[in-house]
Amino acid sequence: MPQRPFTSAPDPQFMYWSARHKRAQAVLDYGIMTCAPITLITGDIGLGKTSILRSLLNTPDPKLTIGLVGNASPEDRSEMLRLILIALGQTAAEGIGYANLYSQLEALLIEEYRAGRRVILIFDEAQNLSVQSLEHLRMLTNINFAEHELVQLVLIGQPELRETLSRPELRQLAQRISANAALTELTAAEVREYVAHRLAVAGATRQIFSDSALELIYERSGGVPRVVNQICEYCMLYAFGDDAHEVTAETVELVVQENFVFGVGRDTTLRLVEDARDARS
């Protein structure tokens with residue numbers, strides 16, 4: 001069955017590993033392997049953080065117990081512990097107080113340690129966590145057994161997370177970050193490779209985008225993969241409608257100038273950004 005090469009849904013087989021992505025993946029692997037108390041991965045919207053996370057989640061390791069907390073903004077430390085326990089497959093009723101939740105988590109961590117498994121807690125979209133929530137997380141890294149730390153944290157979020165972590169009241173938390181990496185936009189050469197890679201995975205056997213089209217796609221997308229996908233998808237749709245065998249710069253310009261385009265089977269419109277600043281907003 002033909003595949004859409006530029007769908008925005010994260011798909012490991014379409015993942016293009018730029019030098020920055022490889023570095024971020026290496027940092028994540030290093031942090032887990034060396035039992036880093038906290039590993040930090042940041043990047044703007046659409047730069048591939050979720051794809052890197054999925055590569056970890058899709059590679060099970062019997063020696064790891066991984067809990068994923070996504071896009072959370074708990075109101076207090078009790079809710080934070082409840083989210084963590086649920087992420088680890090535990091039951092945490094609403095009426096249980098902080099002390100009991102903490103004891104339950106501590107007992108679970110010790111049980112996992114005795115079974116030879118390390119617990120990794122991943123917080124995706126961690127820029128949504130408050131200063132208080134981040135401080136609560138730091139306290140978890142103090143849970144020890146036989147002088148061994150029982151939990152590792154992985155914080156994944158947008159660049160503002162780094163700004164939050166630089167605040168004086170979070171100095172102790174920042175000092176526990178032993179591995180970190182920041183994803184940035186693709187270069188012009190990488191955008192060419194990115195487009196070629198996704199087309200090849202989808203089964204293309206020839207070049208579909210002209211050199212001038214690829215150059216304009218880079219300029220208009222600012223090197224943000226998600227925006228490259230949007231532009232490329234509609235460029236191919238426009239070219240198909242015109243019975244054209246190649247996407248030209250004129251096609252790219254037309255797609256961008258349309259400003260509003262409709263997604264297939266959706267009632268809402270998608271806006272294609274015209275520069276990198278819009279892409280990161």
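**Exercise 1. State where E125 lies in this predicted model, and determine whether E125 is buried, partly exposed or exposed.**

Solution. 
- Step 1: E125 is located in the loop that joins β3 (118-124) to α5.
- Step 2: The relative accessibility of E125 is 23%. Buried requires under 20%, and exposed requires over 50%.
- Step 3: E125 therefore counts as partly exposed.
- Step 4: The backbone of E125 has a positive phi of about 55°, although E125 is not a glycine. As background, most residues other than glycine have a negative phi.

**Exercise 2. Examine the loop between α1 and β1 through C35 and P37, and classify each residue by its accessibility.**

Solution. 
- Step 1: C35 is placed in the loop between α1 (19-33) and β1 (38-43). P37 is found in the loop between α1 and β1 as well.
- Step 2: C35 has a relative accessibility of 34% and so counts as partly exposed. P37 has a relative accessible area of 10%, and is therefore buried.
- Step 3: The phi of C35 is near 60°, a positive value in a residue other than glycine.
- Step 4: Leaving aside residues up to four places away in sequence, P37 touches T141, E149, Q152, L153, R176 and S178.
- Step 5: P37 and S178 are separated by 141 residues in sequence, yet their C-alpha atoms are 6.7 Å apart in space.

**Exercise 3. Describe how helix α3 packs against helix α5, giving the angle, the handedness and the residues in contact.**

Solution. 
- Step 1: The axes of α3 (residues 77-87) and α5 (residues 131-140) are 10 Å apart and form an angle of about 60°.
- Step 2: The two helices α3 and α5 are therefore oblique to each other.
- Step 3: The crossing of α3 and α5 is right-handed.
- Step 4: From α3, the residues R77, M80, L81 and I84 meet S133, H136, L137 and L140 of α5.

**Exercise 4. Carry out the analysis for α3 and helix α4.**

Solution. 
- Step 1: α3 and α4 (residues 98-114) pack at an angle of about 30°, and their axes are 9 Å apart.
- Step 2: This angle makes α3 roughly parallel to α4, the limit for that class being under 35 degrees.
- Step 3: α3 passes α4 in a left-handed crossing.
- Step 4: On the α3 side the contact is made by R77, S78, L81, R82, I84 and L85, and on the α4 side by Y98, L101, Y102, Q104, L105 and L108.
- Step 5: The residues of the contact of α3 with α4 divide into eight nonpolar, two polar and two charged.

**Exercise 5. Identify the buried residues of helix α9 and explain how they are arranged around the axis.**

Solution. 
- Step 1: In α9 (residues 211-221), the buried residues include A213, L214, L216, I217 and S221.
- Step 2: These residues cover an arc of only 165° around the axis, and therefore lie on the same side of α9.
- Step 3: After α9 comes G222, which has a positive phi near 70°.

**Exercise 6. Locate T251 and decide whether T251 is buried or exposed.**

Solution. 
- Step 1: T251 belongs to helix α11 (residues 249-258).
- Step 2: T251 is buried because its relative accessible area is 13%, and buried means under 20%.
- Step 3: Not counting residues up to four places away in sequence, T251 touches C235, Y238 and A239.

Technical notes. Residues are numbered from 1 along each chain as its sequence is written. This is a predicted model: local features need pLDDT of at least 70, side-chain atom pairs count only at pLDDT 80 or more; totals for chains, interfaces and linings use all residues. Side-chain values use heavy atoms; hydrogens and water are left out. Helices (H or I, at least four residues) and strands (E, at least two) are DSSP runs, numbered from the N terminus. Buried means under 20% relative accessible area, exposed over 50%, partly exposed in between (1.4 Å probe, protein chains only). Contact means heavy atoms within 4.5 Å. The arc is that of the directions from the helix axis to the C-beta atoms. Axes are lines fitted to C-alpha atoms, for helices over the stretch in contact, and angles run from 0 to 180 degrees between N-to-C directions. Angles under 35 degrees count as roughly parallel, over 145 as roughly antiparallel, 65 to 115 as roughly perpendicular and the rest as oblique. A crossing is left-handed if the near helix is turned anticlockwise from the far one by less than a right angle, and right-handed if clockwise. Ala, Val, Leu, Ile, Met, Phe, Trp, Tyr, Cys and Pro count as nonpolar, Asp, Glu, Lys and Arg as charged, and the others, Gly among them, as polar.
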